[in-house]
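Biologist: I'm new to this one. Can you put it on screen and walk me through a few spots?

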Amino acid sequence: AAAQAAEYNGTVLLSTVATEEGISDIGEWIFQTSSRADTEIIAIARAACRELGLKRLAFLAPDDARSRLLQKRFEKEIESLGSVVCAVEFYREGSTDFRENIERIRESSPEGLFIGADADDLVLILPQISYYEFGVQLLGTSTWNSKRLLRMSGRDMEGAVFPELPTAKHDEEQLAAAADYVGEPYEEFNTFIVGGYKGVRLILDAVAEGGTDRVDLRRAISAKLEHGRHPYLEFISAGPGITFHTVLNEKIEVFLIQK
């Protein structure tokens, strides 16, 4: 809705965190950069199908708009690699009992299970997977790379595979330095705060390169995004690669580097 209003009024709108595909297709004034979640989903799908050789995968996540978009992206990537998503389960936010979700997933006989949940939910989900003796290759996002989660559910995470994007540490350091520079308290680091910071920086760079009015600004942002590669390609080609971790004997170890 915001994009439609911006397009109607000829105002540049840039989103660095929206995961819905096609927002930038609304019009020439609307721009969208690929999200961190989008990059992770591509990396996870390729690790599951290529490095681990999994052919049947299941998806489990909270029932919200973001999870449903991730599920579509995950399924699209898995199918493009010749595998299938054999089960999709969404649970209500605030749930504490996941037995029915686990049993329905088990009935589909998956080789791997991707869980797109935050640490608070994983602390509840992972022990129940162990309790119901559901032996399956676990896959997760960078959220799984958590000392708190490892401390509380280390045994239940055994063998799980999850990525760590090379920008995460750099983004946090950059954001902390920016906050310190302007004298603002730095209390939180998350996708939306980093997305806002990166979006503003992109617009300021476009202004510096000649975006003196709205038409020039639109042209400059379009050029910067059009000539840039998807972050996934940046990481695995000229970049440092994407590191995947696994859990062995309740310790997080490097599993592979995707390049």
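Predicted model: local features only at pLDDT ≥ 70, side-chain atom pairs only at ≥ 80, totals over all residues.

Biologist: Helices, then. At what angle do α2 and α3 pack?

Modeller: About 40°, with the axes 9 Å apart. Axes here are lines fitted to C-alpha atoms, for helices over the stretch in contact, and angles run from 0 to 180 degrees between N-to-C directions. Helix α2 covers residues 36–51, and α3 covers residues 65–80. Helices are DSSP runs of H or I, at least four residues, and strands are runs of E, at least two, numbered from the N terminus.

Biologist: What do you call α2 relative to α3?

Modeller: Oblique. Under 35 degrees counts as roughly parallel, over 145 as roughly antiparallel, 65 to 115 as roughly perpendicular, and the rest as oblique.

Biologist: Which residues of α2 and α3 meet?

Modeller: On the α2 side, they include D38, I41 and C49. On the α3 side, L70, R73 and F74 are among them. Contact means heavy atoms within 4.5 Å.

Biologist: What does the side chain of R73 make a polar contact with?

Modeller: The side chain of D38, at 2.7 Å. A polar contact is a pair of N or O atoms within 3.5 Å; within protein, one must be able to donate a hydrogen and the other to accept it, and residues adjacent in sequence count only if both atoms are side-chain atoms.

Biologist: Is R73 buried or exposed?

Modeller: R73 counts as buried, at 15% relative accessibility. Buried means under 20% relative accessible area, exposed over 50%, partly exposed in between (1.4 Å probe, protein chains only).

Biologist: New topic. How many disulfides does the structure hold?

Modeller: The count is 0. A disulfide needs a pair of cysteine sulfur atoms within 2.5 Å. For C49, the nearest cysteine sulfur is that of C86, 12 Å away. C49 is buried at 10% relative accessibility, while C86 is partly exposed at 23%.

Biologist: And the loops? What is phi of E133?

Modeller: Near 50°, a positive value in a residue other than glycine. Most residues other than glycine have a negative phi. E133 sits in the loop between α5 and β6, and is exposed at 68% relative accessibility.

Biologist: Where does E250 lie?

Modeller: In the loop between β8 and β9. Phi of E250 is positive too, near 60°, and E250 is partly exposed at 42%.

Technical notes:
Residues numbered from 1 in each chain as written. Heavy atoms only, no water.
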